[in-house]
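Dear colleague,

Please find below the structure I am handing over to you.

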Amino acid sequence: MERILVALDHTPRSKEVLAAAIDLARRTNAKLRLLRCVGLPPELPANVWALPPAQVTEQLMQIAKKELEQDSAGIPPELFEASTVHVGVPWDTICTVAKEDDVDLIVIGSHGYDILDRIVGTTAAKVVNHADRSVLVVRIKGVKP
């Protein structure tokens, strides 16, 4: 294994997803590529909609980049290859980036299970169903599906 794509969303479970990916990278001498997907969340404050769409997207991307920097701070340098932020639908973006970057494995958290996840399905489930390579779904101890 040479390259692992780690999809993070900067939720509390991201730390455990990243820890699992670091452990796997150490065991296989692989490099980690971190990915954060940015989409327009439905719960944006009303005043945000008055801004030009490009400005809203840019602000969300800047926040995501800072959060991804925080997430990557604990990765040993010899295991870290890159981190990127993309705008798009998370499951589709993860699958596309995995193919473009020719990674050997995708690592993702198991679920978010908010109301939207229950209606349209989780990002993890969609990645598992659509990715053209192996996916490791990290389950968080003590969190029921």
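Is Arg133 buried or exposed? With a relative accessibility of 18%, Arg133 counts as buried, where buried means under 20% relative accessible area, exposed over 50% and partly exposed in between (1.4 Å probe, protein chains only).

The model is predicted, so local features need a pLDDT of at least 70 and side-chain atom pairs count only at pLDDT 80 or more, while totals for chains, interfaces and linings use all residues. Residues are numbered from 1 along each chain as its sequence is written, and side-chain values use heavy atoms, with hydrogens and water left out.

Confidence

The chain has an average pLDDT (the predictor's confidence in each residue, from 0 to 100) of 85, and 81% of the residues score at least 70. The pLDDT is below 50 over residues 115-120, a stretch with 5 contacts in the model beyond near neighbours in sequence. Helices (H or I, at least four residues) and strands (E, at least two) are DSSP runs, numbered from the N terminus; contact means heavy atoms within 4.5 Å.

Sheet and helices

An open sheet is formed by 5 strands in the order 3-2-1-4-5, with parallel pairing; two strands pair if DSSP finds at least two bridges between them. Strand 3 (80-87) and strand 5 (134-138) stand at the edges with a single partner strand each, so one side of each is left without a neighbour in the sheet. From one strand to the next, the twist averages 20 degrees; axes are lines fitted to C-alpha atoms, for helices over the stretch in contact, and angles run from 0 to 180 degrees between N-to-C directions. Strand 1 (residues 3-7) is joined to strand 4 (residues 105-109) by 3 bridges, and Leu5 has Ile106 as its bridge partner in strand 4. Helix 1 (residues 14-28) packs on the sheet, and its direction makes about 175 degrees with that of strand 1. Helix 3 (residues 90-100) also packs on the sheet, at about 150 degrees to the direction of strand 2.

Salt bridges

The whole structure contains 8 salt bridges, each a side-chain nitrogen of Lys or Arg within 4 Å of a carboxyl oxygen of Asp or Glu. Glu81 pairs with Arg33, the closest N and O atoms being 2.7 Å apart. Glu81 lies in strand 3 and Arg33 in strand 2, so this pair ties together parts that are 48 residues apart in sequence. Arg3, Arg33, Glu81 and Asp101 are linked in a network of salt bridges.

Arg133 forms a salt bridge with Asp102 (3.6 Å, N to O). Arg133 lies in the loop between helix 5 and strand 5, and Asp102 in the loop between helix 3 and strand 4, so the pair ties together parts that are 31 residues apart in sequence. Asp102 is exposed, with a relative accessible area of 52%, and takes a positive phi of about 50 degrees.

With kind regards
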